[in-house]
Amino acid sequence: MADEKRMSYTEARQRLPTFEEVLYRKTRPPVDLFNFYLFLQREGAEDVLDFWLDVQQHENLCRAYFKDVRKSGRTIKEDWPQFWDYARRRGSIYGNIVGAGSKRSTVSSGEPDPEKRPISSQGHHSRPGTPGNMQAGYGDTKDRHAYPQEYQEPPRSSTPFSLNLGRRSTTMSKRASRAPTFIPRDSAITRTDLIASAERIFARYLLPSSDKEIYLPPSLRIHDFPLSSHQLPNPTSPEYEVETSALAQVPDMFHAQKEYVFRAMEQDAFPRFLRAKAFGNITPVSALARLCLGLVALWAGLATAFALIFLDVKPKAKRFFLFIPFTIAFLCLVSHQYELDPILVFLNQSETTPFRTMPIREPYVRKLLLGRAIWVTFLIVLLVVVLTIIFWAVPGHRL
């Protein structure tokens, strides 16, 4: 039933999909989430999408925890008073679930049913709340001076899509590699599960020089994670107040960073993805291979044409066979120029990785690609016919 609803929604859409629709898997190949991930992978920027998806999973885990608490007959105020007070004072994306007042403004909040939200292009979503409430480091300035090696940061890129730093192994990064991606639901979710999920995200994406570190502006960087996934804060510990305050922020800890990453992908990578997949159907490697093959075929066609002319080969009609190398040459060269292979389009195929294809299932994209394929085919035929007639019409002259 859900698949039929999504299919009818997709067929009724007479426009290119929005970034939100792609992330929530409401589109079909070649403009679906799978192809977007492959596109980012070619650019070496898939860590940005991995971060967004992991934070989305973390937020869904927190929602499941709050729902489990409510099903048990307890309120969030009774079960977790520190978070309830934090959500009431500063706002939370779970405000409606926990009953702690207004919900924080968001772009990609990960609602269970995003179809209920109006879907539009850029610029129609409300701005996220001020990120300073939760993204600053838990350690203060004097802690950073006390441990200069731990907080020393290498030069950073100005965009999430061009971070290329040397990596070093740390205890936290090893912990991230061991942390499970999915937590089994054979029992109720606990707060230690939430801490483990947050700890894994911090160690994998936000710890300086971690394997999958992403760029964030200074105001959004988290410099410390004072909690342990092995146990909850101990009331007898001298750090109890700091740890309980940090624990209260765990559900919303990465939401501002998620919003920043969402906007960065929406404004940077996603337009290029649409240009590559909605107006073309071959990968850069495949386009380069076509360029090389087209130049070789064009050289072979011109060499044969001049040989037929200067050897004055009879009958003259043999020169019409020049259309074969010229067709191959212009098919490859024009396909490289437009990043579109008309033969693949007519076969309803689009490349995912070099020389591997999948069917085009998004109706509007299929219509766009078909129109461009007809134009490319016309251009190829025109060039082949003109060049063939020119070399046929030139009088032979034996040297």
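Leaving aside its neighbours within four places in sequence, which residues is Leu49 in contact with? They are Leu23, Leu33, Phe36, Tyr37, Leu40 and Met265. Contact here means heavy atoms within 4.5 Å.

A word on the model before I go on. This is a predicted model, where local features need pLDDT of at least 70 and side-chain atom pairs count only at pLDDT 80 or more, while totals for chains, interfaces and linings use all residues. Residues are numbered from 1 along each chain as its sequence is written, and side-chain values use heavy atoms, with hydrogens and water left out.

Back to Leu49. Leu49 sits in helix H4. Helices (H or I, at least four residues) and strands (E, at least two) are DSSP runs, numbered from the N terminus. Is Leu49 buried or exposed? Its relative accessible area is 0%, so Leu49 is buried. Buried means under 20% relative accessible area, exposed means over 50%, and partly exposed is in between, with a 1.4 Å probe and protein chains only. Now look along the chain. Leu49 and Val261 are separated by 212 residues in sequence, yet their C-alpha atoms are 8.0 Å apart in space.

Next, the overall picture. The protein has 17 helices and 2 strands. It has 399 residues, and 47% of them are buried. Take the contacts with a separation of 6 or more: 75% of them join residues 24 or more positions apart. The accessible surface is about 20300 Å², and carbon and sulfur atoms hold 59% of that. Those areas come from the Shrake-Rupley method with a 1.4 Å probe; for residues, only the protein chains shown count as cover.

Now the core. In soluble globular proteins, nonpolar side chains tend to be buried together. A nonpolar core here is a set of buried Ala, Val, Leu, Ile, Met, Phe, Trp, Tyr and Cys residues joined through side-chain atoms within 4.5 Å. The largest one has 85 residues. Which have the most contacts inside it? Phe36, Phe51, Phe66, Phe83, Leu206, Phe254 and Met265. H4 gives this core its largest share, 11 residues.

Take Phe36. Beyond its neighbours within four places in sequence, Phe36 touches Phe19, Val22, Leu49, Met265, Ala269, Phe270 and Phe273, all by contact. Phe36 also belongs to a ring cluster: ring pairs link it with Phe19, Phe39, Phe262, Phe270 and Phe273.

On to the aromatics. How many aromatic pairs does the structure hold? There are 23. Rings of Phe, Tyr and Trp (its six-membered ring) pair if their centres lie within 6.5 Å; planes under 30 degrees apart count as stacked, over 60 as edge-to-face and the rest as tilted. Look at Phe51 and Tyr205. Their ring centres are 5.4 Å apart and their planes are at 75 degrees, so this pair is edge-to-face. It joins distant parts of the chain, 154 residues apart: Phe51 is in H4 (residues 46-71) and Tyr205 is in H11 (residues 191-206). Phe51 is buried, at 0% relative accessible area. Tyr205 is buried too, at 1%.

Two lysines lie over ring faces. Lys77 is over Trp84, at 4.7 Å from the ring centre. Lys258 is over Trp52, at 4.8 Å from the ring centre. The test is NZ of Lys or CZ of Arg within 6 Å of the ring centre and within 35 degrees of the ring normal.

Now two helices, by length. The expected span of a helix is 1.5 Å times one less than its number of residues. H15 (residues 323-338) has 16 residues and should span 22 Å; its end C-alpha atoms are 21 Å apart, which agrees. H14 has 27 residues and reaches 39 Å, close to the 39 Å expected.

What covers the buried residues of H15? The cover includes H14 (284-310), H16 (342-346) and H17 (363-393). Among those buried residues are Phe326, Phe330 and Leu333. For H14, the cover includes H15, H16, strand E1 (349-353) and H17. Its buried residues include Arg290, Gly294 and Gly301. After H15 comes Glu339, with a positive phi near 55 degrees. Just after H14, Asp312 has a positive phi of about 50 degrees.

Last stop, Thr190. Thr190 is in the loop between H10 (171-178) and H11. At 35% relative accessibility, Thr190 counts as partly exposed. Thr190 and Asp68 are 122 residues apart in sequence, and 9.4 Å apart in space, C-alpha to C-alpha.
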